[in-house]
Amino acid sequence: MKAVLTIAGSDCSGGAGIQADLKTIAAHGLYGESVITALTAQNTIGVAEILPVPPDFLEKQLECVFTDIVPDAVKIGMVTGTQQMEVIKNCLLRHHPSHVVMDTVMVSTSGKHLMEPEAISYYQEELLPLADFFTPNLPETEMLLKRTIKTKEERVAAAREFALQYKGIVYIKGGHDEFSADDLLFCQGQPIWILGERIASGNTHGTGCTLSSAIACGLAAGLAPEESARKAKSYLAGAILDGMDLGKGNGPLNHMYRLNGTNLA
């Protein structure tokens, strides 16, 4: 069985972060491992508080994983500060995992900053260059490239710049587009549009975590980047379309929608 490691924050309400990642990995039939960067007090309404994991304990988690059940792919989500980034950087340089998918999450859907502002430059200069697959949404792409993106032509130009700057495959998510849900994959110098219809749903908590983890699963299983991306988008659409409605705010997806016929009661 292939193994996928998620390095991210914990979501006590189960919709995003480590919990969403592990559900996604399990739904793909792979073995999930998790290294927690922060505890969060959050729910479908928003993030109330963040408690970062001390860097030395973060390092111990990483070493326990990489010296035993070595992951076939790594997904990195929420990282709070420079010291944590340095620990993760050193781990990646020491162990050289085959695939590193970076979900460039810096601000939560509810507007809570998940990364210390002073850590962003270190993130860009030291950590991002160690990944080989990036999954930013439009606001994150604008933030990292310091440019405004309005049209699809500008999105292609941004993806090309991102890929050249960080030397990897870029998947710019289109969920913030008001007209469609088309995503842009920039791979081997070529833009590839992965089309999708906008799904009318108030339950999209954890979509970014889920997509990046699904892509990591595809890569771990030996799929090519484009196939991994297409399958991940299809899986995400199904999890949203299932129509699960939990919580008082932006509710979670049904990561296990493919098991809907199963009843353990």
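**View 1. Arg230 and Glu226 both lie in helix α8 (residues 225-241), 4 residues apart, about one turn of the helix.** Helices (H or I, at least four residues) and strands (E, at least two) are DSSP runs, numbered from the N terminus. The model is predicted: local features need pLDDT of at least 70, side-chain atom pairs count only at pLDDT 80 or more, and totals for chains, interfaces and linings use all residues. Residues are numbered from 1 along each chain as its sequence is written, and side-chain values use heavy atoms, with hydrogens and water left out. Arg230 and Glu226 meet through their side chains in a salt bridge (3.0 Å, N to O); the term requires a side-chain nitrogen of Lys or Arg within 4 Å of a carboxyl oxygen of Asp or Glu. Arg230, at 38% relative accessibility, is partly exposed, and so is Glu226 at 32%. Buried means under 20% relative accessible area, exposed over 50%, and partly exposed in between (1.4 Å probe, protein chains only).

**View 2. Lys75 forms a salt bridge with Asp21.** The closest N and O atoms are 3.0 Å apart. Lys75 belongs to strand β4 (residues 73-76) and Asp21 to helix α1 (residues 17-27), so the pair ties together parts 54 residues apart in sequence. Lys75 is buried, with a relative accessible area of 1%; Asp21 is buried as well, at 0%.

**View 3. Asp103 and Lys173 form a salt bridge (3.5 Å, N to O).** Asp103 lies in the loop between β5 (100-102) and α4 (120-127), and Lys173 in the loop between β7 (169-172) and β8 (183-187), so the pair ties together parts 70 residues apart in sequence. Both residues, Asp103 and Lys173, are buried.

**View 4. The largest nonpolar core has 41 residues.** Such a core is a set of buried Ala, Val, Leu, Ile, Met, Phe, Trp, Tyr and Cys residues joined through side-chain atoms within 4.5 Å. Leu62, Ile76 and Ile88 have the most contacts inside this core. Helix α6 (residues 152-166) gives the most to the core, with 6 residues. Leaving aside neighbours within four places in sequence, Ile76 is in contact (heavy atoms within 4.5 Å) with residues including Ile7, Ile88, Leu92 and Asp103.

**View 5. Helix α7 (residues 207-220) is mostly covered.** Of its 14 residues, 13 are buried. At 1.5 Å a residue, α7 should span 20 Å, and its end C-alpha atoms are 20 Å apart, which agrees; the expected span is 1.5 Å times one less than the number of residues. Just after α7, Gly222 takes a positive phi of about 95 degrees.
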